[in-house]
Amino acid sequence: MMIFKTVLALQQFLNHQKTLGKKIGFVPTMGALHLGHLTLVQYAHQDNDIVVCSIFVNPTQFTDSKDLEKYPRPIESDIEQLEKENCHVLFLPEVDEIYPKNLVSPHFDLAGLDKTMEGAHRPGHFDGVAQVVHRLLDIVKPDNLYMGQKDYQQFTIIKHLLKITHSPIRLIRVPIIREPDGLAMSSRNIRLSEEGRKKSTIISQTLFQAQKDAQHYSLQEVKERALKNLSGMEVDYFEIVDGDSLRSINSFEQADIVTACTTVRIDGVRLLDNVILKEKSI
Ligand code: AMP
């Protein structure tokens with residue numbers, strides 16, 4: 001695997017590959033890699049000649065500086081895992097490589113997608129996400145971009161960003177990879193206590209139950225049953241939304257894609273999860 005720390009060196013390599021007609025697949029991450037991230041790399045191998053993964057802990061998307069400091073950075077093990085997955089390129093920039101002093105970052109109209117759910121709990125977070133993804137895409141200029149359904153709102157916002165910037169990049173949604181007991185894999189899971197880790201299974205169980213309930217109950221009933229399941233837990237939100245606009249809806253017929261999204265706090269760790277309750281096949 002080739003490791004590039006500067007934009008210039010990465011672009012020299014990628015420009016050459018593009019002149020040879022090679023397709024580039026891109027997986028942006030913040031590191032502390034697990035099977036969820038590696039699955040994105042596996043998906044990227046399917047459709048591309050060159051797989052580029054980036055590891056960059058983006059300071060502009062953290063609303064809490066302690067969270068930024070605490071973010072795990074096990075770079076040696078990350079490199080080892082990417083090598084095992086035959087990732088071709090790792091882009092590992094420092095902060096001033098992504099945000100040089102003379103860079104003017106455009107501000108994007110995220111059409112309110114950034115204000116609900118995660119956005120309501122982390123003001124400015126998605127501005128930071130849009131800023132870094134736009135910058136990384138401008139550097140890598142991939143053909144295909146791979147992002148996880150795990151961060152459903154983030155995925156939807158990046159889909160919107162590609163649309164409003166008339167980007168030719170194809171965005172691929174990769175399903176959520178879970179632990180055997182259902183907990184969605186996340187770099188933050190290691191911060192859970194033993195007891196908290198046990199409790200955490202209620203989140204995915206509730207969402208899977210909601211998927212079953214969606215066959216028999218009204219949307220309102222599905223939500224009520226889910227909230228009852230989560231009673232006693234510290235629920236930041238549980239929303240059933242139009243999976244494109246992220247607006248709350250009252251019936252399953254109101255949207256082509258209906259997604260249940262939740263964030264539950266355990267041991268002070270915010271655990272995000274979601275399931276798609278209905279998706280119209282195209
Ligand atoms: P992060 O390093 O947390 O910014 O995540 C980088 C990418 O990996 C994002 O597109 C995430 O949605 C995706 N991702 C993280 N966890 C999972 C998971 N459990 N399953 C699938 N994708 C994931």
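Analyst: Two strands pair if DSSP finds at least two bridges between them. Strands are DSSP runs of E with at least two residues, helices are runs of H or I with at least four, and numbering starts at the N terminus. The model is predicted, so local features need pLDDT of at least 70 and side-chain atom pairs pLDDT 80 or more, while totals for chains, interfaces and linings use all residues. Residues count from 1 along each chain as its sequence is written, and side-chain values use heavy atoms, with hydrogens and water left out.

The part to examine is β2, with its surroundings. The sheet comes first. Six strands lie in the order β1-β4-β3-β2-β5-β6, forming an open sheet with parallel pairing. Its edges are β1 (2–4) and β6 (170–174), each of which pairs on one side only. From one strand to the next, the twist averages 25°. Angles here run from 0 to 180 degrees between N-to-C directions, and axes are lines fitted to C-alpha atoms, for helices over the stretch in contact.

Now β2 and its partners. On one side, β2 (residues 24–29) runs parallel to β5 (residues 144–148), joined by 2 bridges. Within that pairing, Gly25 faces Asn144 of β5. A helix covers part of this sheet: α4 (residues 75–84) packs on it and touches β1, β3 and β4 (89–91). The direction of α4 makes about 165° with that of β3. Contact means heavy atoms within 4.5 Å. The pairing of β2 with β3 is parallel and spans 6 bridges. Pro28 has Ser54 of β3 as its bridge partner.

How many residues of β2 are buried? The count is 6 of 6, so the strand is mostly covered, since buried means under 20% relative accessible area (exposed is over 50%, partly exposed lies in between; 1.4 Å probe, protein chains only). One face carries Ile24, Phe26 and Pro28. The other carries Gly25, Val27 and Thr29. Each of these residues is buried, leaving both faces covered.

Asn48 sits between α2 (35–47) and β3 (50–55). Asn48 counts as buried because its relative accessibility is 9%. The Asn48 side chain makes a polar contact of 2.8 Å with the side chain of Asn144. Asn144 is the residue opposite Gly25. A further side-chain polar contact links Asn48 to Tyr146, again at 2.8 Å. A polar contact is a pair of N or O atoms within 3.5 Å; within protein, one must be able to donate a hydrogen and the other to accept it, and residues adjacent in sequence count only if both atoms are side-chain atoms. With neighbours within four places in sequence set aside, Asn48 is in contact with Lys23, Ile24, Gly25, Asn144 and Tyr146. Two of those names, Ile24 and Gly25, are on the list of buried residues in β2.

Asp49 lies in the loop between α2 and β3 as well. Is Asp49 buried or partly exposed? Asp49 is partly exposed, because its relative accessible area is 39%. A polar atom of the Asp49 side chain lies 2.7 Å from the backbone nitrogen of Lys23. Along the chain, Asp49 and Lys23 are 26 residues apart, yet their C-alpha atoms are separated by 5.1 Å.

Three strands, ordered β7-β8-β9, form an open sheet with antiparallel pairing. The edge strands are β7 (234–242) and β9 (269–279), each pairing on one side only. The twist there averages 10° from one strand to the next. Antiparallel pairing of β7 with β8 (residues 257–266) runs over 8 bridges. Glu234 has Arg265 of β8 as its bridge partner.

In short, β2 has all 6 of its 6 residues buried, pairs with β3 over 6 bridges and is joined to β5 by 2.
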